[in-house]
Amino acid sequence: MTAEMRRSSTVAVPIKNIERELICPICKELFTHPLILPCQHSVCHKCVRELLMQNHEDSFDAGSECSLPGSPRSRVPSPSMERLDRLVRSGSISSPGWRRGSVTPRVTTIPCPGCQHDIDLGERGISMLFRNFTLESIVERYRQAARAAVAIMCNICKPPQLQEATKSCMDCKASYCNECFKLHHPWGTPKAQHEYVGPTTNFRPKVLMCPEHEMEKVNMYCEVCRRPVCHLCKLGGSHANHKVTSMSSAYKILKEKLAKSIHYLISKEDQVRTQITELELLISQTEENGQLAERRANEHFERLFETLQERKSEMLRSIEQSRNRRLDQLKGQVEEYQGMLENSGLVGYAQEVLKETDQSCFVQTAKQLHIRIQKATESLRTFHPAADPCFDEFVLDTSREETLLKEMCFGGVPDPPLIDLSNSKVYNEALICWRLSDDHLPTDHHVVEYRRLGGPSQSPSQEDGEDSGVWRATDRVYGPSTVVSDLEPDSLYSFRVRSCRNSMFSPYSPEVTFHTPPAPAFGFLFSDKCGFSTERLILNKRRDTVESVAGMAFLLAAERVQTGSYIGLDYIIGDTGISQGRHYWAFKVEPYSYMVKVGVASDSKLLEWFHNPRDTSSPRYDHDSGHDSGSEDTCYELSQPFTLLTLGMGKLFIPKASSSSSVSTASAASGDPGNRMLPMPQRLGVCLDYDACRVYFYDADTMRCLYERQVDCSGTMYPAFGLMGSGKVQLEEFITAKRLTF
């Protein structure tokens, strides 16, 4: 470090000039016990706690039922399970209770107020954060400078002899006057070796301790996480595979970097002042241009108001003129008809004329009078109002103009986004994704709105409630997607989104609707233990996709069978069981798949499948194969401990209807195999109602129930899949798992 740099680093900084750096971004006050977040921003301890509590209350714990007593994921003991446990201990298979630990730990994710990113505090939460003692000391010096007239008093002296403190002991964490310090730190005692500084109220520890291993000092610096660590963190903790350096080396490197950066900024002071002048000019121009834009917009609106007022006056004047004309006509007709009454008007006049005895005078008057009387008589026979009281021609339709006014915006308004249907998924929560136009300008944030349109489970009184059909908005979203929580099951929801830039909102995107599943989403992965065939099944690393390969083993097996080519199914099940409640899961079967069976099976049936193999793809064994066997139909009428639906070659095969099952169409209930064949949905959903002993199969895109039937739920039930020949099944990536990954 050069001498000039050393001088610049030791220059006394007026402490009052740095107040802006000492303000907490949440409470907007001076930092109090600041903590360093993983993103290196500092926040008050109390503010982090409040933020964490608020986020915990608003979050949706999708896996909470895993940790509750009597969880549907807990295993129900049964005789078959004891046999299964013996097999597990012998190493034959893995337990069908393959329950993973709860995938949802307690909520420890908060949004950083500085960078707006979600910060995961880990399982230990706030206790994993370091206190920013350096910032705390600077804040304390600022407080002392701000209250220079207020002295720090001795903590030992008693009123009224209270003395001003001259020293503070960092070991005792107390302030003393000269006399009290000598009294409590006598020479020749261990206290005489205590570290003392000038009067202060900020007592920091001498050595920084590891928050994860509280008895260990931090002596290394993790370059990946950018935080101090102890040797236990490096040996077997969360930093075992991270690159670390010694604390002295990190101190030297970071201090040199900081000093160089400060020196560079100081050397560019003239440039900074020039840019400050430019910014102040921009502020002035912004103020002037903003006022000018406001005046121009106001003028445009005033012209619109004037035009609207003129049109209003003209149209109201037209209505008034038409009304007066019609009223005059109708009133004249009333007077004419009143003249037809006896002793009044025309009739009265005619009655007086009849009294005339002079024939010449009578004829002279009566001729014209008779014509008038005839006209009155004719009008009486064919009555027609003189004017139409209806003003339909004056009905004003302003819907188009209202739409134009609502869409009226400035030239810089962003284009509306479009919701991406291919990436948006809806379960208990909705993952809504959208995309912007290719030539769009950067946006500040987005707002997603949604409303419930109703559902089969909603009563008429609920549909009329205030929550039905009312748009609800999420918080500001700064990315291209967001998660909407607390959705009702088996309901139809509508979503829309709009963008904001410079406080100007775009029009709404076209509305899209999604149907939520009939039950909470059930998260599981494929089990690679129980009955998994490594010869013919390929499981990816995430264990959410399984593929059956019709390779050499399949051909050799078919070659050994001379009378037929029926080969046993390769089964694979979920790693989590269900013992109560109602659950839903979804998956995709590739269209090229030769044959795939999907459904549920109990633990007892799994033992039979995995340890008593049989010709499971033979038509006489498969209850949903369409084979017309009387014994098969009898067996199918019984409640089985499993239910499987067959898919393959782009088709879905509905089993024969029975007294315990129902199908989506009447034609599918017939015995004709052609009528029981449907196009394979892009996504298939399965809903198991354990308590009602019933299983449902859905088109997961439209939530249309394709098939349902009774199932024996006496044991623990597992999602089951069987593949033969080439085929592939991919589980849906549930919203809960996606949130945890983020």
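Reply: By the rule that rings of Phe, Tyr and Trp (its six-membered ring) pair if their centres lie within 6.5 Å, the count comes to 14 aromatic pairs. The model is predicted, so local features need pLDDT of at least 70 and side-chain atom pairs count only at pLDDT 80 or more, while totals for chains, interfaces and linings use all residues. Residues are numbered from 1 along each chain as its sequence is written, and side-chain values use heavy atoms, with hydrogens and water left out.

A pair of aromatic rings is described by the distance of the centres and the angle of the planes. Planes under 30 degrees apart count as stacked, those over 60 as edge-to-face, and the rest as tilted. The rings of tyrosine 450 and phenylalanine 495 have centres 6.1 Å apart and planes at 25°, and therefore this pair is stacked. The pair links distant parts of the chain, 45 residues apart, with tyrosine 450 in strand E15 (residues 445-454) and phenylalanine 495 in strand E18 (residues 492-501). Strands (E, at least two residues) and helices (H or I, at least four) are DSSP runs, numbered from the N terminus.

Tyrosine 450 is buried, with a relative accessible area of 11%, and phenylalanine 495, at 0%, also counts as buried. Here buried means under 20% relative accessible area, exposed means over 50%, and partly exposed lies in between, with a 1.4 Å probe and protein chains only.

The rings of phenylalanine 524 and tryptophan 585 have centres 6.0 Å apart and planes at 85°, so this pair is edge-to-face. This pair too links distant parts of the chain, 61 residues apart: phenylalanine 524 is in the loop between strand E20 (512-515) and E21, and tryptophan 585 is in strand E24 (residues 582-589). Both phenylalanine 524 and tryptophan 585 are buried. Ring pairs also join Tyr450, Tyr493, Phe495 and Phe514 into a cluster.

Two strands pair if DSSP finds at least two bridges between them; strand E21 (residues 537-539) is joined by three bridges to strand E22 (residues 545-548), and the two run antiparallel. Isoleucine 538 has glutamate 547 in E22 as its bridge partner. Five residues lie between the strands of this hairpin, where arginine 543 takes a positive phi near 60°. E22 also pairs with strand E34 (residues 727-731), in the antiparallel sense and over four bridges, and here serine 548 stands opposite glycine 727 in E34.

With a disulfide taken as a pair of cysteine sulfur atoms within 2.5 Å, the structure holds zero disulfides. Cysteine 225 is in no disulfide, and the nearest cysteine sulfur, that of cysteine 222, is 3.9 Å away. Cysteine 225 is partly exposed, with a relative accessible area of 27%, whereas cysteine 713 is buried, with a relative accessible area of 7%. The sulfur of cysteine 713 is 4.4 Å from the closest cysteine sulfur, in cysteine 693, which is too far for a bond.
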